[in-house]
Amino acid sequence: MKILVLNCGSSSLKYQLIDMDTTDVLAVGLCERIGIDGRLKHEPEGKPEYVSEAPLPDHDVAVKAVMDALLDKDHGVISDISEIGGVGHRVVHGGESFAKSVIITPEVKAAIEDCCSLAPLHNPANLIGINACEKLMPGVPQVAVFDTAFHQTMPAKAYMYALPYEMYEKHKIRRYGFHGTSHKYVSLKCAELMGKAPEDIKIITCHLGNGGSLAAVDKGKCVDTTMGLTPLAGIIMGTRCGDIDPAIVKFLMDSEGLTIDEVDNMMNKQSGVLGLSGVSSDFRDLGAAAEEGNKRAQIALDAFHYRVAKFIGEYLVALNGADAIVFTAGLGENSGSSRQAICDYLTFLGIKLDPEKNSQRGKAQCISTEDSPIKVFVIPTNEELMIAQDTNKLING
Ligand code: ADP
């Protein structure tokens, strides 16, 4: 069976068509600038890349353009739409309603709608994608896979904020966590690489990309994570500040004369390693600048590594020890120097990286030494495959 995986943003749509018999990716693509002008980039397996600049006024047209690209006689990869057995949608926020992926029904759509206030930039776009697929592929099962679902196993002591309890009851203000599909994928893969059942091990997963989060996974279940009500919380990120003293918001409004929206924008888009360094939100640029002696770039990198290491320390407490630490996503998979800098804080535990293995890229493997009591892994994440697998499982019982 072939599964189409869709990740709809407000002006973009990423897709992959995956053959579940082989897990081969038959095509991967991206529609950008939806509602502005439009651009589609389609990369079929074994065929040349195809780019179209035809207008994409809305998501219906974008989904139709994806279908046309998949079916095209030159750059297509299927000959009939009926070859698509199901569509898996990445949905950012499932609130407390979804601890697992689900087949989309009118009730599920209503519940996703209810979560729009918790993810106003993402959930409405996800719903638009779902509606567009229902229109263009009637009868094809659609599945929602939530970024928040994996974290729903957290206990109340981990997800409650110390605000008046009514704020939780009235507005569902609590820690939700994100990147759940990635944390789940790499924790399962880690268990597989260790030759253990997920139920028998404790893992700390570090998803370090432009956005980033850590999760503490006990016996296959998430017990804590760094992101919160929104993806602004936790570690320092590319442009997001992560955890800060909440009183800074009012202080900034008073001292800089900013509105609440301007402060929100500053914390989301002008902070993180970009704000600290003044150089870039991209860790590659930061590394290069730091090497050339840029002090602020070095401070940004040091602060980032320190904060990640401190959360690992927190999660060692939450889990009462751990069997493995996993690095994944853009930086986690590719930067040996960042992995080393983070693990340098953990030598008191006997954790040691193998320099040769730590310098390799793109391979799922253990990068710690034989005698390291807590194993360290690099595992390339694959959220699309996880979404396709959940979709396949739900459709085929
Ligand atoms: P997201 O999905 O959150 O946009 P990714 O997981 O794709 O992010 O990660 C992107 C980030 O990974 C980039 O901003 C870059 O900083 C970092 N990155 C990628 N490759 C490297 C590398 N070789 N060295 C250091 N950082 C890297």
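1. Start with the loop between strand E10 (212-218) and strand E11 (221-225), which is where Lys219 sits. Worth a look there: Lys219 isn't a glycine, yet its phi is positive, at about 55 degrees. Do keep in mind that this is a predicted model.

2. You'll find Asn320 in the loop between helix H11 (295-318) and strand E12 (324-328).

3. On to the ligand. Which residues are around it? The list runs Gly209, Asn210, Gly211, Asp282, Phe283, Arg284, Ala329, Gly330, Leu331, Asn334, Ser335 and Arg361. Sorted by class, that shell comes out as six polar, three nonpolar and three charged residues.

4. With Asp282 the side chain is involved: one of its N or O atoms is 3.3 Å from an oxygen atom of the ligand. As for burial, the ligand taken alone exposes 580 Å², and the protein buries 68% of that.

5. Which elements give two or more residues to the shell around the ligand? They are helix H10 (283-291) and helix H12 (329-334). H12 gives the most, with four residues.

6. Last, a helix pair. H6 (residues 180-194) and H15 (residues 383-395) pack with their axes 9 Å apart, at an angle of about 90 degrees. Angles of 65 to 115 degrees count as roughly perpendicular, so H6 is roughly perpendicular to H15. On the H6 side the contact is made by Thr181, Ser182, Lys184, Tyr185 and Leu188. H15 brings Glu383, Leu385, Met386, Ile387 and Asp390 to the contact. The residues of this H6 contact with H15 divide into five nonpolar, three charged and two polar.

Technical notes:
Residues numbered from 1 in each chain as written. Predicted model: local features only at pLDDT ≥ 70, side-chain atom pairs only at ≥ 80, totals over all residues. Heavy atoms only, no water. Axes fitted to C-alpha atoms, helices over the stretch in contact; angles between N-to-C directions. Parallel < 35°, antiparallel > 145°, perpendicular 65-115°, else oblique. Contact = heavy atoms within 4.5 Å. Nonpolar A, V, L, I, M, F, W, Y, C, P; charged D, E, K, R; others polar. Near = heavy atom within 4 Å. Polar contact = N/O pair within 3.5 Å; in protein donor to acceptor, adjacent residues only side chain to side chain. Areas by Shrake-Rupley, 256 points an atom, 1.4 Å probe, with all protein chains shown as cover.
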